[in-house]
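Please keep the structure open while reading.

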Amino acid sequence: MNRIRVETPSKQYDVYIGDGIIHSIGSIVQRTCENVSAVLIITDETVASLYLERVRSVFERTYRVYTHIIPSGEESKSFEQFYACHTAALTYGLDRDALIVALGGGVVGDLAGFVAATYMRGIRFIQVPTTLLAHDSAVGGKTAINHPLGKNMIGAFYQPEAVFYDVSLLNSLPEREMRSGFAEVIKHALIYDRAFFGWLQAKIRTLSDLRGENLQYALKKGIEIKAAIVAQDEKEAGIRAHLNFGHTLGHALESELGYGTITHGDAVALGMLFAIFVSERFYQRPLFYSSFYHLFDHYGFPTAIPAHVSAEKLLLKMKGDKKAKGNTVRMVLMEEIGKVRVEQISDDQLLDFLQQFSREEGGAS
């Protein structure tokens, strides 16, 4: 079992990674979380059918355990489901010593974390991710729900007590979801670690290679990068914004197409391609965009903005991004592999880049 320490000004905690470690959760929680009065497991319908009984049984040996199941999908990161979780917690009589367990992917983690951050002004929670994508969202303390006008616009920075990443829980994931999570692994490499990106190119030729030791190593490296950045900047005042590489267009696409229409990872992958496309033109230097295009295409990521989505509408969504300042878009651009910067881009420039990108179907020749 690998253990990665996350250290932030507000809290220090461990991320545990291994095969079959779900059976160790109860004993570790007993050591790290004192005087837990009850446990509320929040999960979704898909994960509940696969893993809820197994996780519930781990906690029932020691605690009173309650469960709340939400619909599967990005649409559940809503005020309605947030309210329903609070209603469940109040109905069960949870007090300030209760512990919330977020069992699921990024949607469950973000929602359950925000519930924990706000229930009785904050109670403890742990993350038990069941998707590859959640290796990013489960670490670092960002919790949120969506608004029709923007993704993750209502939320809080709130760190978990621990994160338990049992890779055996990823075995049931369809290729679409593995690809979605792999986009965030690639992102971590591109913004921080050229050598790790080289390892991904050499070892992960297809998504079927993302298994066993390769999967655990990719998770470990991705989480170590996330932890290193969060330790320097917990609340996104500086370097943590680099983690949004690909997300400016990605979030705009998710919002414009309708949450759940495109996976988060596919949207971010296309956003990264666009960011590299813009970077070459903004910095006036070759970044070998065509190689990235063909690599992403090989993995099965989308490489072009859907034809029915207008550049003007995407620009409006991007201007509503949390990183925007004074209604001006700030994008994370890549100077070279492993080195990125946040740059302010005018509306005219960005609209021109979007139109070029759409015209050239992703810009690869």
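Predicted model: local features only at pLDDT ≥ 70, side-chain atom pairs only at ≥ 80, totals over all residues.

Residues are numbered from 1 along each chain as its sequence is written, and side-chain values use heavy atoms, with hydrogens and water left out.

**Aromatic rings**

A pair of aromatic rings is described by the distance of the centres and the angle of the planes. Rings of Phe, Tyr and Trp (its six-membered ring) pair if their centres lie within 6.5 Å; planes under 30 degrees apart count as stacked, over 60 as edge-to-face and the rest as tilted. The search of the whole structure finds 19 aromatic pairs.

Phe59 and Tyr63 are both buried (under 20% relative accessible area, where exposed is over 50% and partly exposed is in between, with a 1.4 Å probe and protein chains only). Tyr299 and Phe301 are both buried as well.

One aromatic cluster is made of Phe274, Phe277, Tyr289, Tyr293 and Phe357. Phe277 also has the charged end of Arg281 over its ring, 3.6 Å from the centre. Here a charge sits over a ring if NZ of Lys or CZ of Arg is within 6 Å of the ring centre and within 35 degrees of the ring normal.

**Nonpolar cores**

A nonpolar core is a set of buried Ala, Val, Leu, Ile, Met, Phe, Trp, Tyr and Cys residues joined through side-chain atoms within 4.5 Å. The largest such core has 78 residues, and those touching the most other members are Phe182, Ile186, Phe245, Phe274 and Leu354. Helix α10 (residues 264-283) gives the most to this core, with 11 residues. A second, separate core has 27 residues, among them Tyr16, Leu52, Val55 and Tyr63.

Beyond its neighbours within four places in sequence, Phe245 is in contact (heavy atoms within 4.5 Å) with residues including Lys187, Val268, Met272 and Val340.

**Cysteines**

How many disulfides does a search of the whole structure find? The search finds zero disulfides, a disulfide being a pair of cysteine sulfur atoms within 2.5 Å. For Cys33, the closest cysteine sulfur is in Cys85, 19 Å away, which is too far for a bond. Cys33 is buried at a relative accessible area of 2%, and Cys85 is buried at 0% relative accessibility.

Definitions and conventions:
Helix = DSSP H or I, 4+ residues; strand = E, 2+ residues; numbered from the N terminus.
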